[in-house]
Amino acid sequence: MFDYAPAPESRDLVKFQESYGHFIGGKFTKPSNTYGTINPATEQTLAQISHGTAKDVDAAVKAARSAYEKTWSKLDGATRGKYLYRIARIIQERSRELAVAETLNNGKPIKETRDADIPLAASWFFYYAGWADKLDYAGLGANPMAHGVAAQVVPWNFPLMMLAWKIAPALAAGNTVVLKPAETTPLSALLFAEICQQAELPEGVVNIVTGFGDTGAALIDHGDINKVAFTGSTNVGRIIAKQIAGTNKKATLELGGKAANIVFEDAALDQAVEGIVNGIFFNQGHVCCAGSRLLVQESVQDVLIKKLKARMENIRLGDPMDKNTDIGAINSKAQLTKIDRLVKQGVKEGGERWAPACAMPKNGFWFAPTIITGVAPTNTVAREEIFGPVLSVMTFRTPAEAVAKANNSQYGLSAGVWTEKGSRILKMADQLNAGVVWANTYNQFDPASPFGGFKESGYGREGGRHGLLSYLKGSN
Amino acid sequence: MAAIDPEAIVGSRITNQSLSRWLHSLPGVDKVGLEAKALSLSTRSIKTTSKAWALDMAIKMMDLTTLEGADTKERVRSLCLKAATPDPMDLTTPQPAAICVYGDMVAHAKEALGKNKIYVAAVATAFPSGRASLQVKLADTRDAVKAGADEIDMVIDRGAFLSGNYLEVYKQIVAVKEVCQRKNGNHAHLKVILETGELETYDNIRRASYLAMLAGADFIKTSTGKVSVNATLPITMLMLQAVKDWYDQTKIQIGVKPAGGIRTSKDAIKYLVVVKETAGEKWLTPKYFRFGASSLLNDVLMQRQKLTTGNYSGRDYVSVD
C-alpha cells in the first residue's frame, strides 16, 4: 500500500501575538473587548481579537478621512503604484507565513493557501499597482476621481484574497479604506496591517477594525464614508442595501450563488470530473461561485457519476497543515450545523446522499465531500446555497432544458459548461444568466478578469478595469 | 485471464470502418485540464516511510534498458550484473523487473542473469521506427521469442495510424501477439509501444491505447525513447485512465509502461502518485506498471542510500552500468 506519510508544513512559520487591537491611523490600538479566534481544525484558540464598537469605527473612519485629504489624494498615481508594488512584493516574500496563518485560522488546506489564496492576493496588488498611474484610460475620461473613504466588509472563505480584491483597486484609484474582516478569520488581515507598516504606507490609508456583524453595521452606517464594498451572504447584502438607501454611498455587493456546472454528452469526461470536483470541493465548497448544481446530460449520467465517485474516493480529508490534504475543516460550528441541516432536508425531499468513506478527525469541524443524486429542481438542495462540500446532481436532455434549469435560480453568479463543441460553448455563454461562465474549466481567477453576478448574487464587478471603475467617478 | 472478444466490444465485425467509428466515439481529452491535473498531482509531498516504499517500488518496476547501436555482449552482461546486485553496499536493495535489450542480445542477457528472477524484454518489429514489412517484423519477434525473451516490446505502425488505417495497426498487433505464443502454452508478454511523441494529440493517444488493448496488448507503452518527446506525466496519466476504464468494462487488467526521459527519483515518485490516484492501488505492482529507463536506477540508488544512511554518497558510489 502506498500511503502518504504525514507531510506537515511548519507551524512555526507564523507567530501570532497574544491579543490584537484594531489598526487605525497606522498603529495598533490597545486590545479591548476581546474574544478568542480559533483554529477550526483543532478548536484551539490562536489569539484574542478586539470586538470593534461604533467608537472604534468612528476613529478608523476619521483616520481614513484625514489620510485621504492630507496625503493619499495628493499623491500622484505613480507614487500610489509604488506603494502597491511594495505591498505585493512583501506578500510574496512573506507568502509561506501568510499561507500558514490563513490555514490555521480558516481551516482550508495549506496546498490551497500556498497555491491559490496567497499568490492571487499578491497578483491583485501587482495588477492594480499598474493601473494607479493610468486612471485616465479607465474609461471615465481624463482625471477621474476617487470616491473618498471606502468601507469594506469581507467574508471568511478567502480572508486575505478578498481583502486584496477590495483594498488593491481602492488604493490604486486613490481612495482610503476601513476594512472589517470576518469575525472568525481576522488574523491574516492583522498580518496585512503589519505589511502596511512594513511598506511604510502613509498612516490611515488602510485601517482595519475587527469584530462581528454589529461592527460591520456601524461601519456601513457611518456618515462619513463614500463607498461600500461587501462580499458575503445575500441576507446581509440585503440589509446593507437597505441601510444605504437614500444616501450618497456607492455600493458593490458580491453575494451568494448556486452555480450550475453543465456537462454535455460530448464533453471530455475525465477532465469534466476534475472540473466538477474542483468546482464544488475546492475550499470545502466555501466558495460563492462554487459549482454546486451539477447538470449532466442523461445519456452520460451513469458513466459520469461512476467516474465522479471513483475520483472522490481519492480526495484526502484531514489536517489542513498537511501538504497532501485536499479538503480541510469547515470554518465554524455554525456553518457545519447549517450544511448538515440542509443536507438532511435534501434527503428528506427525495435526494440520495453519497460520500466516500473517510476518517474524520476528532476535534474541529468536518464534513465529508458529498453528492446528492436524484435531486428535483424543487428540492431545497437545488435552490439554497449550502456553502459546503455538497453537490446536487440533476439531469437534462437538450441544451434548451439545460439553460432553463441552470437559469432557474434566484442567483446568477457563475456557471460552467463542458463540451468539446466550440459553437455550443458560445451559445450557452450567451444564454446563461451568470456573471462568469467557465468553459471546460472551473474556478479560474485572474486579476485582469471582472467577477460579479446578476440577480440576488449582487451588483458591481471586482477585478479588471470594471473593478477599478467601482472605485472611481468622472471628474467634475 | 479471460480472453476478450473484440467484435463484442466494438459491436460489429472488425473492419476499418467499425474500428474508426468505435475509436472516434471515445470521449475527447481536454489538454488544459489533463495537464493541470498532472501538475497538481505532481505537488504531492512524499516523505519518510512513503518515500522509502516508493523508491523500492520504483526499482522493482524498472525495465533496465540499453538500446544502443553500440551495445555489445559485454555491456549487456555488465547491465545484467548491475540488475542482479543493484547496490553492492546494501544487499536489501530490490532487483529491477527486467532487462530490456535488442533481440540479438536476448541470449546473452538470459545467460548473464542465470537464475535471477529478472525478466528479459526484447524490442522487436523493426524498432524504433517500425518501418518494415510485416514478415520482417514477425521474423524479428520470432527470433527474440526463440532466444528466450520473456517480454516483447513492439512498436505500432504510426504511419498507418495517423492516416486512419486503424485496421492495419490492429492486424499487425494481433499477428505479433500470435508469434509471442510458445509451444508450451506460455506466451511472451506483449508490450505495445504507441510512440506517443509521434501521435501528438491526446485524443490520438487515447485511441491508440484502446486499439492496442483491443488487439491483445498486455501492456501499453508510451515511447521508444528514440524521438524528441518521450514519456510525460500527462500522457502516462491518460493511458492509466484508459487501462482503468478498460478494466471496468472488460475485467481485463492491462499494464502501462512510460519510457524515456524519466531520470530522477523525484520524477519516478510523481509517476507512482499518478498511478495510485488514477488507475488505483491494483496497478502499483511490477506486474502492471513499469518504468523504461536506464539512468533512473542510479539516482534511485543514491536517494535510497541517503534515506538509509542519512548521507548523500554521490555519483562515484554507484556504478556507471
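Strands (E, at least two residues) and helices (H or I, at least four) are DSSP runs, numbered from the N terminus. In a regular strand the side chains alternate between the two faces of the sheet. The model is a predicted one, in which local features need pLDDT of at least 70 and side-chain atom pairs count only at pLDDT 80 or more, while totals for chains, interfaces and linings use all residues. Residues are numbered from 1 along each chain as its sequence is written, and chains are lettered from A and ligands numbered from 1 in the order in which they are written.

E8(A) is joined by five bridges to strand E7 (residues 149–153) of chain A, and the two run parallel; two strands pair if DSSP finds at least two bridges between them. Within this pairing, A:Val153 has A:Lys180 as its bridge partner in E8(A).

A:Thr37 has A:Ala47 as its bridge partner in E5(A). Strands of a sheet pair through backbone hydrogen bonds, either parallel or antiparallel.

Among the helices of chain A, helix H2 (residues 77–93) has 17 residues and reaches 24 Å from its first C-alpha to its last, close to the 24 Å expected at 1.5 Å a residue; the expected span is 1.5 Å times one less than the number of residues. Its buried residues are A:Arg80, A:Gly81, A:Tyr83, A:Leu84, A:Ile87, A:Ala88 and A:Ile91. Seen down the axis of H2(A), these fall within an arc of 160°, so they line one face of the helix; the arc is that of the directions from the helix axis to the C-beta atoms. They pack against helices H3 (95–106), H4 (110–131), H5 (159–173) and H6 (187–198) of chain A.

Taken as a whole, chain A has 15 helices and 22 strands. The C-alpha trace spans about 65 × 50 × 35 Å along its principal axes, and 57% of the 476 residues count as buried.

Chain B has 14 helices and eight strands. The radius of gyration of chain B is 19 Å, close to the 20 Å given by the globule rule for 321 residues, so chain B is as compact as a globular protein of that length. Of those 321 residues, 52% count as buried.

In chain B, strand E5 (residues 189–193) is mostly covered, with four of its five residues buried. Strand E4 (residues 151–155) of chain B pairs with E5(B) in the parallel sense over five bridges, and B:Val155 stands opposite B:Ile193. Three bridges join E5(B) to strand E6 (residues 219–221) of chain B, again running parallel; there B:Ile193 has B:Lys221 as its bridge partner.

Helix H14 (residues 296–309) of chain B has 14 residues and reaches 20 Å from its first C-alpha to its last, close to the 20 Å expected at 1.5 Å a residue. Its buried residues, among them B:Leu296, B:Val300 and B:Arg304, pack against helix H4 (48–60), strand E1 (62–65), helix H13 (265–278) and strand E8 (291–293) of chain B. H14(B) is followed by B:Gly310, whose phi is positive, near 85°.

Finally, the contact between the chains takes 19 residues from chain A and 24 residues from chain B; two residues are in contact if their C-beta atoms, placed from the backbone, lie within 7 Å. On the side of chain A that touches chain B, the largest share, five residues, comes from helix H9 (residues 269–281) of chain A.

How values were computed:
A residue is buried if 20 or more other C-beta atoms lie within 10 Å of its own, exposed if 12 or fewer, and partly exposed in between; C-beta atoms are placed from the backbone. The radius of gyration is taken over C-alpha atoms; the globule rule is 2.2 Å times the number of residues to the power 0.38.
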